[in-house]
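Please walk through the following protein model, taking its helices and sheets in turn. The text goes from single residues to helix packing and sheets, and then to the chain as a whole.

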Amino acid sequence: MDKISILWVDDEIDLLKPQIMFLESQGYDLITVTNGYDAIEELQSDKIVDVVFLDESMPGMTGLDTLAKIREFNTTVPIVMITKNEEENLMEDALGAQITDYLIKPVNPNKILFTLKRIIDEKRLVREKTTSDYQQEFRKIFMDINSNPDFNQWADTYKKIIQWEIKMDAANSSEMVDILSMQKSEANAEFTKYVVKNYLDWIKEEEEDQAPIMSHNLLRKKVFPEIGKSEPVFFLLLDNLRYDQWKIIEPIVSEIFRVEEEDFLYSILPTATQYSRNSIFSGLMPSEIQEYYPDWWKNDNEQGGKNLYEKQLLSEQIRRLMHKEIKFDYTKITNANDGKALNDNILNYMNNDFTVIVYNFIDMLSHARTEMEVLKELAGDETAYRSLTKSWFENSFLWSALQKVAEKNIKLIISTDHGTIRVKQPSKVIGDRETTTNLRYKVGKNLQYDRKDVFDVRNPKEALLPRPNVSSTFIFAKEDKFFLYPNNYNHYNNYYKNTFQHGGISLEEMIIPIIKLKSK
């Protein structure tokens with residue numbers, strides 16, 4: 001193992017020789033400088049520095065000045081402030097500038113050693129503990145996957161897998177990531193078989209315990225019962241929000257809201273906005289929307305927007321199911337100007353019984369990631385995708401708006417229409433010009449495809465889906481497959497592989513969160 005390198009910055013460095021010699025005897029490598037300018041030069045050189053010890057009271061550029069300069073170009077190196085006193089305002093300034101720890105002069109060698117071990121070894125110990133714990137959990141998850149789980153148990157297993165992904169992110173535990181990824185792939189293979197076997201029964205099932213909550217009964221079962229109580233209800237639909245993305249932003253949301261209930265629902269097929277979100281707001285399956293509101297439904301092969309009548313569908317569902325007059329509003333955010341308007345006007349919605357906010361950012365992010373090379377670099381895998389979601393949320397107009405209403409007494413319900421999966425395995429499909437372009441599902445006549453890669457519905461009415469033509473068939477990609485035409489096959493394989501897509505069958509696309517929160 002390479003030696004740990006320490007940069008010690010102190011204008012009286014000669015007086016610290018005993019401590020420096022002690023650390024060197026313990027196997028540490030010391031670089032010493034007497035001022036902040038030299039410290040910055042060392043950190044900007046090619047030398048590896050693992051920890052900085054920084055004297056607070058240096059003449060000229062002080063320790064706090066040096067700290068601020070360092071943080072302009074290096075936000076990650078651990079910095080330990082060495083100070084002669086513990087003045088409250090001084091330590092607040094240092095902590096606000098992200099010091100890792102501080103020590104009081106005269107510095108005791110054993111205290112220095114303890115601080116170093118805590119800083120350097122903490123990550124290693126967390127990583128080792130995470131790896132050890134997952135090794136113990138591996139077999140239990142394996143048995144859960146292969147014990148014929150029901151829809152509730154599948155949701156629990158998926159949540160466990162996501163929790164381990166996030167733990168390994170935090171611990172930087174690369175040793176077990178590949179094993180966890182393989183276990184997740186195995187889970188998706190078994191989950192897909194389960195969905196194929198049960199899906200057509202679920203969407204016709206009237207018994208509450210025989211099918212999961214799905215898109216078309218989400219509002220009826222989980223949202224409408226909350227309306228008309230003591231506080232206004234805000235329903236936030238974050239388009240494309242996977243369970244792992246919710247868990248990443250949950251700590252931020254929990255700063256101002258208390259989580260009362262975290263539950264799940266299953267998106268209908270196709271797991272695509274046109275189908276699942278229209279289903280949520282209408283309270284109907286797609287073929288029923290087409291039947292009852294033909295002017296508000298467009299098939300995939302028809303021109304025009306596919307989600308233009310969500311407010312009207314919501315109004316009709318409220319009229320059918322709510323037995324009293326309620327004041328409600330609906331707003332959709334699709335760009336930065338919409339987001340700013342929401343932030344400016346959010347308190348006006350406090351006069352409503354029920355407010356629906358559809359926020360499209362995550363959906364735009366997943367599509368933009370396919371189109372823009374820079375986003376492919378920023379969100380190359382699940383870890384990066386989660387990180388990008390968190391960064392967006394923390395700096396979004398949405399978070400600013402939520403902070404405003406959190407000061408009032410409200411009920412906030414967060415959910416989504418479907419998730420996404422990172423696709424890896426191409427599957428060839430042949431269809432005519434009317435066949436849809438989506439990579440995870442297709443609708444068309446005379447489709448040719450590899451049956452082992454798809455769940456095919458040759459009679460769309462069985463799945464309560466519209467039938468654009470008499471011979472239309474729906475096919476849904478299983479696991480992490482994505483559909484490609486034979487033309488320019490290799491080009492499009494390279495272009496779309498490892499992008500985030502939706503429309504098919506996977507844990508990530510179908511098992512989605514619904515969270516009830518209350519202002520703290």
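In which helix does E24 lie? E24 lies in helix 1, residues 17-25; helices (H or I, at least four residues) and strands (E, at least two) are DSSP runs, numbered from the N terminus. The model is a predicted one, in which local features need pLDDT of at least 70 and side-chain atom pairs count only at pLDDT 80 or more, while totals for chains, interfaces and linings use all residues. Residues are numbered from 1 along each chain as its sequence is written, and side-chain values use heavy atoms, with hydrogens and water left out.

With a relative accessibility of 42%, E24 counts as partly exposed. In these terms, buried means under 20% relative accessible area, exposed means over 50%, and partly exposed is in between (1.4 Å probe, protein chains only). E24 and T34 are 10 residues apart along the chain, and their C-alpha atoms are separated by 19 Å.

Five strands form an open sheet in the order 2-1-3-4-5, with parallel pairing; two strands pair if DSSP finds at least two bridges between them. Strands of a sheet pair through backbone hydrogen bonds, either parallel or antiparallel. The edges are taken by strand 2 (29-33) and strand 5 (101-104), each of which has a single partner strand, so one side of each is left without a neighbour in the sheet. On average, neighbouring strands of this sheet are turned by 20 degrees against each other, direction ignored. Angles run from 0 to 180 degrees between N-to-C directions, and axes are lines fitted to C-alpha atoms, for helices over the stretch in contact.

Within this sheet, strand 3 (residues 51-55) and strand 4 (residues 79-83) run parallel and are joined by four bridges. V52 has I79 in strand 4 as its bridge partner. Helix 2 (residues 36-43) lies across strand 1 (5-9), strand 2 and strand 3, and runs at about 160 degrees to strand 1. Helix 3 (residues 63-73) lies across strand 3 and strand 4, and runs at about 170 degrees to strand 4.

The axes of helix 6 (residues 151-171) and helix 9 (residues 243-253) come within 10 Å and cross at roughly 50 degrees. That angle makes helix 6 oblique to helix 9; angles under 35 degrees count as roughly parallel, over 145 as roughly antiparallel, 65 to 115 as roughly perpendicular and the rest as oblique. On the helix 6 side the contact (heavy atoms within 4.5 Å) is made by Y158, K159, I162, Q163 and I166, and on the helix 9 side by Y243, D244, K247 and I248. These residues divide into five nonpolar, one polar and three charged. Here Ala, Val, Leu, Ile, Met, Phe, Trp, Tyr, Cys and Pro count as nonpolar, Asp, Glu, Lys and Arg as charged, and the others, Gly among them, as polar. Helix 9 is mostly covered, with 10 of its 11 residues buried. Among the buried residues of helix 9 are W246, I249 and V253.

How is N345 placed, and in which helix is it found? N345 is found in helix 13, residues 336-345, and at 33% relative accessibility N345 counts as partly exposed. The C-alpha atoms of N345 and A401 are separated by 8.5 Å, although the two residues are 56 residues apart along the chain. A401 is one of the residues of helix 17 that meet helix 13. The axes of helix 13 and helix 17 (residues 397-406) come within 8 Å and cross at roughly 10 degrees. The two helices, helix 13 and helix 17, are therefore roughly parallel to each other. From helix 13, A336, G339, K340, L342, N343 and D344 meet F397, L398, S400, A401 and K404 of helix 17. The residues of this contact divide into five nonpolar, three polar and three charged.

A further sheet is open and has three strands in the order 13-16-15, with antiparallel pairing. Strand 13 (441-445) and strand 15 (454-457) are the edge strands, each pairing on one side only. Four bridges join strand 15 to strand 16 (residues 472-477), and the two run antiparallel. V457 stands opposite F474 in strand 16.

Taken as a whole, the protein chain has 19 helices and 19 strands. Buried residues make up 53% of its 520 residues.
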